[in-house]
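Open the model in your viewer and keep the sequence panel beside it. The stops below say what to select and what is there.

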Amino acid sequence: MLSCREALSRLADLEAGGLDRAEKRETERHLAGCRCCLSYWRSYRTTVALARRACSEGDARDLPMPEGLIRRILDVIRNRPRSKPVFHIVHLLSGVAAAPLLAFWLR
Amino acid sequence: MTPDIRSEEWAAERDLVARLRGGDERAFERLVREQGGRLLSVARRFLRDEEEARDAVQECFLSAYRALDRFDQGSRLSTWLHRIVINACLMRLRSRRRKPEDPIEDLLPKFQADGHQVNHPTPEWEGSAETLLARSQTRSIVRQAIDRLPESYRAVLLLRDIEELSTEEAAKSLGVTENAVKIRLHRARQALRGLLEPHFRRTAPC
């Protein structure tokens, strides 16, 4: 039979359904026979559920953005036009074209 | 004939992306208004500082604006922005001065040499998550407990359990192996359980 240490080390995988059939059976057998590990497992699952729901529910997911922050972001975007790959190619080509001219001029 | 809402949503999103790529400022404003509140909630959770959270959201939209040409049309804009804001938050957490983290060993179960639990009996809790969440203070107790976790554990718990990133995605975001994420998540949950136990255990042991 598994020890408590081994059983508790498998709880994350048990919760995620990541144990193979034999490991799952072994772990569940331990939990069924060990009241303390069973209590621990129940409170472990409750902890995960509480964390998920306490942070995601009623957490202002649909709250509007502060108007000042919207303005700030739009101002920044306005002042930084998005560079497009085509511009990079133009810059590169103009650099390549300029090199012989520069070499000729420096001659 | 019933209209296919899902395909209509996709079409609307493709249209929005095309307008964004074309530099349509009103489309960008719509994106900021629709997605910003949710992204700000994510940034607040990670950074626990209002100004830093707002800066992270601004960085997120700026990065998205610059990278619009690389946006994969097969994924959702909201998912893409979610990943970008998380990365912006993680960058900020990394750049904060690192304080030595408090050990969490006291919050983990203890074992005898033969592998059996030391702290017999483990107390039962007062109820399921649903029962406990019906109480007005539960959310605040849980959030405060998460905030008390050392940063490296808090980050992995937020990524996996709250933001629902896969182990692979969390590992990439944190720059660690998938196995390290699994181990850290398990320890983070155990430590959180230890912090919550005094609030939720039954007075009488099991």
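Which hand does the crossing of α7(B) and α8(B) have? The crossing is right-handed, where a crossing is left-handed if the near helix is turned anticlockwise from the far one by less than a right angle, and right-handed if clockwise. Helices here (H or I, at least four residues) are DSSP runs numbered from the N terminus, as are strands (E, at least two).

This is a predicted model, in which local features need pLDDT of at least 70 and side-chain atom pairs count only at pLDDT 80 or more, while totals for chains, interfaces and linings use all residues. Residues are numbered from 1 along each chain as its sequence is written, and chains are lettered from A and ligands numbered from 1 in the order in which they are written.

**Stop 1: α7 and α8 of chain B**

Select α7(B) together with helix α8 (residues 167-174) of chain B; their axes come within 9 Å and cross at roughly 140 degrees. Axes are lines fitted to C-alpha atoms, for helices over the stretch in contact, and angles run from 0 to 180 degrees between N-to-C directions. Show B:A155, B:V156, B:L159 and B:R160 of α7(B), which meet B:A170, B:S173 and B:L174 of α8(B). Residues are in contact if their C-beta atoms, placed from the backbone, lie within 7 Å.

**Stop 2: what covers α7(B)**

Keep α7(B) selected: nine of its twelve residues are buried (20 or more other C-beta atoms within 10 Å of a residue's own; exposed means 12 or fewer, partly exposed in between; C-beta atoms are placed from the backbone). The buried residues include B:Y153, B:L157 and B:D161. They pack against α4 (35-56) of chain A and, in chain B, against α2, α4 (77-95), α6, α8 and α9. After α7(B), find B:E164, whose phi is positive, near 60 degrees.

**Stop 3: chain A**

Color chain A by secondary structure: there are six helices and zero strands. Of its 107 residues, 25% count as buried.

**Stop 4: between the chains**

Select the contact between the chains, to which chain B brings 53 residues and chain A brings 43 residues. On the side of chain B that touches chain A, α2(B) gives the most, with ten residues.

Finish on helix α5 (residues 67-79) of chain A, which packs with α2(B) at an angle of about 145 degrees, the axes 10 Å apart. This crossing of α5(A) and α2(B) is right-handed. Show A:L69, A:I70, A:I73, A:L74 and A:I77 from α5(A), with B:F28, B:E29, B:V32, B:R33 and B:G36 from α2(B).

How values were computed. Two residues are in contact if their C-beta atoms, placed from the backbone, lie within 7 Å.
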